[in-house]
Amino acid sequence: MQWFVDFVKILYNGLYSFMIYFNNVSKIYNKDSVALDDVTLTVTAGEFVSIVGHSGAGKSTLIKMILADDKPSNGTVFFESVDVHKLKSGDLTKLRRKIGAVFQDFKLLSNKTAYENIAFAMEAAGKSDEEIASDVPHVLDLVDLSSRTHHFPNQMSGGEQQRLAIARAIINQPELIIADEPTGNLDPINTFEVIQILKKINDLGTTVILTTHNRGVIDSVGKRVITMEKGKIIRDDKDGKYII
């Protein structure tokens, strides 16, 4: 079968250069619950892609597929030409280290300071004490949290907590940032600041996938927009706006 795999690579002439490739992916829980319906999608390294759609459109399921937190009923999901759902546990862990994730509810460690939250992520990745001491202050400065280094999450505003979550997500220099409704709990000012940081990260070369309900966020980013409805991709606009 290896000859066939090689043939397909040549036939599609560059398909495997995509960072992410969904090939006819469906997720069916039961006849009344279809989360993804025959989705084919590619994301190139360095893109900023926003995924929009009403609640239940399939956005979160799409994200779970990339992280291999859920398996497709049909189809295949590739990350850098690797079928993520065929990876063994150790290889899946390595894959996930290439991805930084930011969520609506922050998921910070409440008993650790801002510095310690980021340091913990570096320790889990096997980084040395010297690397931690060098890199953590830099990333805190990047997200404008240098003055909150020794604050605990409950001593920080929602916007500050989300910026800390972004700092933790990028500290190990992932190739991809997934931001799943990162501004859902934030006011307009903090929303603007978080999106500006994500744009800055993308400008530095990191691929960003953003899911959101916020029309203003999408229109301000001005990059590719994928619109989902009932598990299907109904629009894919290169320089899109929020249109539903």
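View 1. Helix H2 (residues 59-66) lies across E1, E2 and strand E4 (74-79), running at about 120° to E1, where contact means heavy atoms within 4.5 Å and the angle, on a scale from 0 to 180 degrees between N-to-C directions, is taken from lines fitted to C-alpha atoms, for helices over the stretch in contact. Helices (H or I, at least four residues) and strands (E, at least two) are DSSP runs numbered from the N terminus. This is a predicted model, in which local features need pLDDT of at least 70 and side-chain atom pairs count only at pLDDT 80 or more, while totals for chains, interfaces and linings use all residues. Residues are numbered from 1 along each chain as its sequence is written, and side-chain values use heavy atoms, with hydrogens and water left out.

View 2. Four strands form an open sheet with antiparallel pairing, in the order E2-E1-E4-E5, two strands being paired if DSSP finds at least two bridges between them. Strand E2 (33-43) and strand E5 (82-83) stand at the edges with a single partner strand each, so one side of each is left without a neighbour in the sheet.

**View 3. The pairing of E1 with E2.** Strand E1 (residues 20-30) runs antiparallel to E2 and is joined to it by 7 bridges. Phenylalanine 22, for its part, stands opposite leucine 41 in E2.

**View 4. The chain as a whole.** The chain contains 8 helices and 10 strands, and its C-alpha atoms fill a box of roughly 55 × 40 × 35 Å, taken along the principal axes.
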